[in-house]
Amino acid sequence: MQNQACRDGIFYQDYSGIFKGGGIRSVFFQRHGGVSRTPYDSLNVSVNVGDRGDHVGENRQRIKKVLGIPSLLSLGQVHGDQVLSATRLLPEDREVPGYDAIVSNTTQALMIQQADCQAVTLFDPFMKVAAVAHVGWKGSVNGILGKTIDVMTREFSCQPADIIGVISPSLGACCAEFRGYRTTLPSWMHRFKGNNDYFDFPAISRFQLAECGLSPVNIHRIEICTRCDSNYFSFRRDQDTGRFATVVAIQD
Ligand SMILES: [Zn+2]
């Protein structure tokens with residue numbers, strides 16, 4: 001599936017078409033087209049990695065311009081399990097600390113910041129409820145996806161069988177070596193280990209989503225490894241680096 005688009009020098013993968021009948025925009029931005037300098041070159045969206053604040057601000061402005069959106073709701077992500085419910089449109093950008101997932105029933109644009117972690121977009125096309133979660137290995141362990149779906153069903157009346165999920169570009173099984181897995185990962189995850197202590201974390205997310213009641217045909221995985229593909233920021237590859245953006249917004 002070829003979904004790459006470019007606008008104003010900014011490259012992104014647009015996977016809105018996966019969501020049957022539309023209703024949501026789901027876009028994964030590459031690292032190009034921003035103003036940040038090495039090692040954050042160039043479309044870094046994180047204010048927490050050592051980059052200049054004015055550069056991050058300009059990069060976020062460019063993302064909003066490309067998508068034609070007024071504001072971004074983002075999270076000061078902490079690899080935790082807290083889920084933010086967002087039911088109002090914001091007049092300007094806001095970053096809420098301490099959360100790793102957002103659920104929304106408005107057209108507010110939601111942003112996750114990544115360098116190898118997954119951003120998992122969830123959408124219920126019947127209830128018009130969207131969510132996006134930041135899923136690193138700690139998020140896999142603490143069940144952030146299940147907690148996000150729990151908020152969707154409990155607070156927003158979604159049915160898991162109706163929810164469509166898309167797993168963003170992230171660290172692939174080719175590069176996710178976890179030598180200390182016996183002490184860091186629970187035993188049920190060990191079945192997702194391939195050769196030489198390499199784990200398939202997107203497959204773990206797929207399993208967790210199915211356990212929550214999503215239909216396997218409604219769970220999609222973008223087969224791009226962020227460490228292998230230099231168009232994306234990768235913590236594994238570069239350590240001191242930027243964060244790329246996944247942006248999700250319900251359409252009118
Ligand atoms: Zn790889």
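Trainee: Which residues touch the most other members in the largest nonpolar core?

Mentor: This is a predicted model in which local features need pLDDT of at least 70, side-chain atom pairs count only at pLDDT 80 or more, and totals for chains, interfaces and linings use all residues. Residues are numbered from 1 along each chain as its sequence is written, and side-chain values use heavy atoms, with hydrogens and water left out. A nonpolar core is a set of buried Ala, Val, Leu, Ile, Met, Phe, Trp, Tyr and Cys residues joined through side-chain atoms within 4.5 Å, where buried means under 20% relative accessible area, exposed over 50% and partly exposed in between, with a 1.4 Å probe and protein chains only. Of the 28 residues in the largest such core, those that touch the most other members are Leu 73, Ile 102 and Ile 222.

Trainee: Which element gives the most to this core?

Mentor: Helices (H or I, at least four residues) and strands (E, at least two) are DSSP runs, numbered from the N terminus. Elements giving two or more residues to this core include β3 (24–29), β4 (72–76), β8 (109–114) and β13 (244–250). The one that gives the most, with three residues, is β13.

Trainee: What is the order of the strands in the open sheet of seven?

Mentor: Two strands pair if DSSP finds at least two bridges between them, and in this sheet the pairing is mixed. β1 (4–7) and β6 (94–97) each have a single partner strand, so one side of each is left without a neighbour in the sheet. Read across, the order is β1-β2-β3-β13-β8-β4-β6.

Trainee: At about what angle to β3 does helix α1 run?

Mentor: Axes are lines fitted to C-alpha atoms, for helices over the stretch in contact (heavy atoms within 4.5 Å), and angles run from 0 to 180 degrees between N-to-C directions. Helix α1 (residues 53–67) lies across β1, β2, β3, β4, β6, β8 and β13. Its angle to β3 is about 140°.

Trainee: Which strands stand at the edges of the open sheet of six strands?

Mentor: The order in this sheet is β5-β7-β10-β9-β11-β12, with mixed pairing. Within it, seven bridges join β9 to β10, which run antiparallel, and Leu 122 stands opposite Ala 131 in β10. The edge strands each have a single partner strand, so one side of each is left without a neighbour, and they are β5 and β12.

Trainee: Is Met 127 buried or partly exposed?

Mentor: Met 127 is placed in the loop between β9 and β10. Leaving out residues up to four places away in sequence, Met 127 touches Phe 156, Ser 157 and Cys 158. Because its relative accessible area is 40%, Met 127 counts as partly exposed.

Trainee: Which residues coordinate the zinc ion?

Mentor: Donors are N, O and S atoms within 2.8 Å of the metal (3.2 Å for Na, K and Ca), and water is not among the atoms, so sites may look incomplete. Along the chain, the donors of the zinc ion follow the spacing C-C-x49-C-x2-C. Through their SG atoms, at 2.3 Å, the coordinating residues are Cys 174, Cys 175, Cys 225 and Cys 228.

Trainee: Is Cys 228 buried or exposed?

Mentor: Cys 228 is in the loop between β12 (219–221) and α6 (235–238), 54 residues apart from Cys 174. Because its relative accessibility is 55%, Cys 228 counts as exposed.
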